[in-house]
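Student: I have a structure here that I would like to go through with you. Could we take it one question at a time?

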Amino acid sequence: MVTLPQHFKNNGYFTRGIGKIFHNWRQKIEGDAESWSVPEVIHYNTHAADKAKLSDGVKVPPDLSDVPKCEIRDVPDEAYFDGRIAALAVEQLADLKTSKEPWFLGVGFWKPHSHFNAPKKYWDLYDETKISRASNPNPPKNVPEIALHDGREIMRDFKKRPNGKPTPVEEITLRHGYYANISYMDAQVGKVLNALEANGLRDSTIVVFWSDHGFHLGENSFWAKTSNFELDARVPMIIATPDHKGGRRTEALVELLDMYPTLVDLCGLPANDALEGKSLRPILDDSAAMVKNAAFTWHPRPPYPTDKDQLTAMGYSMRTDRYRFTEWRDPKGSQVIAHELYDHQNDPSETVNIASENADLVRELSSQLKAEFPDGAGIHKRDL
């Protein structure tokens, strides 16, 4: 498999990765050296290890929060991973200003993922008294049990509580922390974009902003990710090119795997015929254009299978312009365990599974899903 930056590297580009690009610490593989012209930095770690760190001899100020997974310290941006990543990216752009060869710079920020430990000034941007708990905190009506999970990424820090959950006040603080993390990360992106402009590179550079997954903050009974629901599966995607001016929005369905062929197309590189994604250039040219009629995601049960906690099912999910349809199958992909169907026209928060009363529509969507994930296929090749 040739990765996106490796394809650029193979075609004469200087490539560099700063931050969380290939996040594969569980496999004990430190990034992907073949993809980069120089070694990666701040890329191989865990979110839990992102603790405040100051220069030698400077004492880290106290944590002003007593809520698990939250940390409030009055420290500079560079105390955490993302501040240091932004600083390195800014330095790299200054060096690239005089580069004679084309370049590909991957900048991977760790936030807003937990832990919620943005510097204090970002917490101060929000008035916690104006933050509410999730408006839809209960599991969807008629949801199959297999679609749910315990949110252990966040909730394991609360399991010793009498009810094993955060208090209502703590839920608001967790949401506050997520907002602070977003603002912190947003500020780091701003530093990189300002450096791009300051070094005179903006008019010759394609910029893409995207995320690897969404996040739940109490909605539908969920915390964190590892589900096939909209808040986990839907992510931001912004593409800016010198040839496409203006802040236009589109309702077109796209997938993250479309980014590879899109950048290859926009940069005029040889196509990689092994790719499943499609170039989004038609949508950049015309925001009303469509390149596909559905977007797909999938997630296993248990959420993190291991040799001890083995795979019991795989949930394949499809988002059309109106519906989210999910089919749960056994590990071999041959037996259907359950269906979910949510109507985003009438129920954008996915509060009611309407699969049982829409048999014809379920059959139609199931047939469309099977074209992408055939019966008996088990874990699809995209999961590798």
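Student: How many aromatic pairs does a search of the whole structure find?
Tutor: Happy to start there, and keep in mind that this is a predicted model. Ring centres have to lie within 6.5 Å to count as a pair. Searching the whole structure on that basis gives 15 aromatic pairs.

Student: What kind of aromatic pair do Phe-296 and Phe-373 form?
Tutor: Their ring centres are 5.8 Å apart and the planes stand at 75°. Planes over 60 degrees apart count as edge-to-face. The pair of Phe-296 and Phe-373 is therefore classed, with its 75° between the planes, as edge-to-face.

Student: Where in the chain do those two residues sit, and how many residues apart are they?
Tutor: Phe-296 belongs to strand 7, while Phe-373 is in the segment after helix 9. The pair thus links distant parts of the chain, and the separation is 77 residues.

Student: Are Phe-296 and Phe-373 buried or exposed?
Tutor: Residues under 20% relative accessible area count as buried. Phe-373 has a relative accessible area of 1%. Phe-296 falls in that class too, which makes both residues buried.

Student: Which kind of pair do the rings of Trp-298 and Phe-373 make?
Tutor: Good one to ask next. The centres of these rings are 5.5 Å apart. Because their planes lie at 65°, the pair of Trp-298 and Phe-373 is edge-to-face.

Student: How many residues apart in sequence are the parts that Trp-298 and Phe-373 tie together?
Tutor: Trp-298 lies in strand 7, and Phe-373 in the segment after helix 9. Trp-298 is partly exposed at 21% relative accessible area, whereas Phe-373 is buried at 1%. The parts tied together by this pair are 75 residues apart.

Student: What is the strand order of the open sheet of four strands, and which are its edge strands?
Tutor: The order is 7-8-9-10, and the pairing is antiparallel. On average, neighbouring strands are turned by 15° against each other, direction ignored. An edge strand pairs on one side only, and that picks out strand 7 (295–301) and strand 10 (336–343).

Student: What is the bridge partner of Ala-295 in strand 8?
Tutor: Strands of a sheet pair through backbone hydrogen bonds, either parallel or antiparallel. Here strand 7 and strand 8 (residues 313–319) pair in the antiparallel sense, over seven bridges. In strand 8, the partner of Ala-295 is Arg-319.

Student: Which helix lies across strand 7, strand 8, strand 9 and strand 10?
Tutor: Look for an element made of residues 359–372 that runs at about 70° to strand 9 (323–329). Ala-359 is found in it, and this residue counts as partly exposed at 40% relative accessibility. The element is helix 9.

Student: Is helix 2 roughly parallel or roughly antiparallel to helix 5?
Tutor: The axes of helix 2 (residues 81–96) and helix 5 (residues 168–198) come within 9 Å and cross at roughly 5°. Angles under 35 degrees count as roughly parallel. That makes helix 2, relative to helix 5, roughly parallel.

Student: How do the residues of that contact of helix 2 with helix 5 divide into nonpolar, polar and charged?
Tutor: On the helix 2 side, Asp-82, Gly-83, Ala-86, Ala-89, Val-90 and Leu-93 take part. They meet Tyr-184, Met-185, Gln-188, Lys-191, Val-192, Ala-195 and Leu-196 in helix 5. The division is nine nonpolar, two polar and two charged.

Student: Is Asn-220 buried or exposed?
Tutor: Asn-220 is a residue other than glycine with a positive phi, near 55°. The loop that holds Asn-220 runs between strand 4 (216–217) and strand 5 (223–224). Since its relative accessible area is 2%, Asn-220 is buried.

Conventions: Residues numbered from 1 in each chain as written. Predicted model: local features only at pLDDT ≥ 70, side-chain atom pairs only at ≥ 80, totals over all residues. Heavy atoms only, no water. Axes fitted to C-alpha atoms, helices over the stretch in contact; angles between N-to-C directions. Parallel < 35°, antiparallel > 145°, perpendicular 65-115°, else oblique. Contact = heavy atoms within 4.5 Å. Nonpolar A, V, L, I, M, F, W, Y, C, P; charged D, E, K, R; others polar. Pairing = 2+ DSSP bridges. Phe/Tyr/Trp six-rings, centres within 6.5 Å; stacked < 30°, edge-to-face > 60°. Buried < 20%, exposed > 50% of the residue type's maximum accessible area, 1.4 Å probe, protein only.
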